[in-house]
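Please go through the model below with me, question by question.

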Amino acid sequence: MRLHSLESRVVTLFIGLLLTLQLVGFFVIRNTIDSNARNAIEESLKLNEKILLRLLDQNAQKLIQGAIVLAKEYAFREAIGTHDTETIVSTLSNHGKRIGSDLTMLVGLDRKITASSSSAASDDLSHSLQQSVAALIQTAEKSGSAASTAIVDGKPYQMVVVPIEAPVTISWVVMAIPIGKTLVSDMHELSLMQISLLSTEKNAEGKNGWISNVSTLSDQQAAELAQLIPQPEKKISYLPNIQIDDDQYSTRIVQLAQDGQASTIAVLQLSISQAVAPYQKLQLTLLILTVFGAVVASVISAITARRITGPVRQLAETARRLGAGDYTAAIHVKQKDEIGDLARTFTTMRDGIAQREKEISRLAYWDTLTNLPNRALFTDMLEEAIAMARAHEKSCYVLMMDLDRFKHVNDVMGHRFGDILLNQVAIRLSDELGTGGTKPARLGGDEFAILLPNASKEEAQSLADRILRSLEKPISIEDQTVDLGAGIGIAGFPEHASDTQTLLSRVEVAMYAAKMGNSGAVIYSPDIDKGSQQSLSLLSELRAALEQQAFRMYVQPKVGLDKGQVIAVEALVRWIHPERGFIYPDQFIPFAEQTGFIRQLTHWIMNEAARACSIWNKQGMHLKISVNISTRDLMDQDLPIKFAQILQHHQVDASSFCLEITESAIMDDPVRAFQTLDRLHAMGLDLSIDDFGTGYSSLAYLKRLPVDELKIDKSFVLKMEKDIDDTKIVKSTIDLGHNMGLRVVAEGVENAEVMALLKELGCDQAQGYFISKPMPSTDLPAWLEKWQQNNPAA
């Protein structure tokens, strides 16, 4: 059996599982036994503590009865009355011996010891004993008799006191017996536990330590125990684990007597090792069963594994032959279990491999959406066409096309609609090529290519023109009409490139040039590559334009629809290039955003807007100015500080400005964007959501944004007088904005019908070419005067 084979792994798995379960069970049982034994010991110690206290109570009752008998003896009372000290001492001694009292005393009413069975004089008795007797008598005065434990000469005693009455109390009898060997032996015989009596003793450092008085342990063990018991002041009553020699004990500490600094305790101990000893045989038996089970499991698992792995090895050999292309390999496994199912599945797999290989080949070279050749197949076709053209000294051309506004259609209408649209475009391209022509190819996304073998430049240009005219016709899909355009690049062999990759690269450059210049179709020329290189220097040109004051601020008015009054303007930036002339924002703003230059541009336009606002205010023109801010601006945590400095410099109020933000700018980093917007709004700046309705989370974030205005995207406004669906969208947006307490602005108003319809729908403000195209900010006062003349109501 090989080490890394399936058979060995199955055997190892079975044995491993069994051993794991057995070992887990073994340790769980052992821990349970240990835990239960400790719990039982703790409960037993609590019970033994009660027994000890009960024995002490019984001894105390015995002493009290003996003392009562002595107190009632007539001769003893007569001796007390005649002060016959010799008779008193003799009586005390004889009576104490009869009941086993080591110390019997007569105490006067002044609570001083007048006679004692001890040979020592009363003055020699310890001061602590005098105090204990006095305290005990004080208790007996209330209850008739009293019992307690006291420490005499460092040892614990049980002490009782009863009055001698004739008939009034004339003296007190005190009897005491030591708590010692007898009590310890009785407790040990009753419970088989170890019991030790420990008393405090001052050590060399002047601190209290324990010494053993009486113990069922050996002297050495008792001394070791005294070292392990915590100091008296810690007042610990239970120690779950104490190690003495090779045995472990659970220990309970019972306070017997406390006299000032002196203390005596009883230490009750039960052996943990003895408690778990009866279960050790059970653990050994369990361990033997574990080993035996592992051996049996090894044999059974080896047999089972061989029955499984034998057919699997046959199937593995069959799979190797199938992998080599031998689809005739026979499978002889006849089992009716899962292995048999696997064998039958192999047969089905063998029959399906050839079909799947054909499908894989199709997927590798054909676009699944349009069923046109994909980039890989088109590249192969182009290489073959170039080879044929080179051999016959002819030319071939490639057209590469990218659709305009397709991304916008995808975002607004959804990907399913976009897929249908791509299919329709593929059909139109195929129709233009005709049944005998070359099929178009889809290179990816909305990018298509057409190969024209043995064609001239004029033929390629003519086909490109036909395709562009074809795409000018609107495409109707599911009651929606879509207007599409395209940029087409043209390049050919051998005029523009001598190999496939270079030709594809240059036709792509031509295509992008066509899209950037809205030129329809562009034939590749080296000048286009120069234009690409020029884009690399655009950033330095932007910086130079800022330094040379080549930017201009344009404004576009916003009109209140209720009275037709101009109440606001939007600030826009234009670039006057020294060589290329007037450059629109679409040609440099995206690049500025990509490089981060947009922050400097935003600072410039805000400064220019504040300067213009200050001038207009002095002229009596109080207009709110809207300024666009981008994603990069929102990520700048210092933006509120920068704007505050600009406003302070030009002495204009923050309420004169409205900042327009697109939903996509917020979505790039909502947390940081919200923080920046909250600070801007707190300054008094109005906030507006630009192009509202084109984002995919407008409602989700609108309620969280501190906005004051919604700008309806112009794509919904441009043709709303002709499209009832656009009208519904605009009306819903207006109602939504008003319900949230926001003003609503519609941009893209290009005719009187749309403006009238917006007013009817309750829109607050309008902006668009119908009112005015963007104009230089210096032209606004003259235009505003003319507007007011043409609109007296304003």
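Q: With which residues is Thr602 in contact, leaving aside its neighbours within four places in sequence?
A: This is a predicted model, in which local features need pLDDT of at least 70 and side-chain atom pairs count only at pLDDT 80 or more, whereas totals for chains, interfaces and linings use all residues. Residues are numbered from 1 along each chain as its sequence is written, and side-chain values use heavy atoms, with hydrogens and water left out. Taking contact as heavy atoms within 4.5 Å, and leaving aside neighbours within four places in sequence, the partners of Thr602 are Asn628, Ile629, Asp633 and Phe643.

Q: Is Thr602 buried or exposed?
A: Thr602 lies in helix α17, where helices (H or I, at least four residues) and strands (E, at least two) are DSSP runs numbered from the N terminus. Buried means under 20% relative accessible area, exposed over 50% and partly exposed in between, with a 1.4 Å probe and protein chains only. Because its relative accessible area is 4%, Thr602 is buried.

Q: How are the rings of Phe551 and Phe588 arranged: stacked, edge-to-face or tilted?
A: Rings of Phe, Tyr and Trp (its six-membered ring) pair if their centres lie within 6.5 Å, and planes under 30 degrees apart count as stacked, over 60 as edge-to-face and the rest as tilted. The structure holds seven aromatic pairs. For Phe551 and Phe588, the centres are 6.0 Å apart and the planes stand at 40°, so the pair is tilted.

Q: How many residues apart in sequence are the parts that the pair of Phe551 and Phe588 ties together?
A: Phe551 is buried at 4% relative accessibility, and Phe588 is buried with a relative accessible area of 0%. Phe551 lies in strand β18 (residues 551-560) and Phe588 in the loop between β20 (581-583) and α16 (589-595), so the separation in sequence of the parts that they tie together is 37 residues.

Q: Are the rings of Trp783 and Trp787 stacked or edge-to-face?
A: Trp783 and Trp787 are both buried, and they are separated by about one helical turn because they stand four residues apart in helix α26 (residues 780-790). Their ring centres are 5.4 Å apart and their planes stand at 20°, so the pair is stacked.

Q: Which residues of helix α2 are exposed on the other side from Phe76, Ala79 and Ile80?
A: In α2 (residues 74-81), Phe76, Ala79 and Ile80 are buried. They cover an arc of only 100° around the axis, which puts them on the same side of α2; the arc is that of the directions from the helix axis to the C-beta atoms. On the other side of α2, the exposed residues are Tyr74 and Gly81.

Q: How many disulfides does the structure hold?
A: A disulfide is a pair of cysteine sulfur atoms within 2.5 Å. Cys396 counts as buried at 0% relative accessibility, and Cys658 likewise counts as buried at 0%. The number of disulfides that the structure holds is zero.
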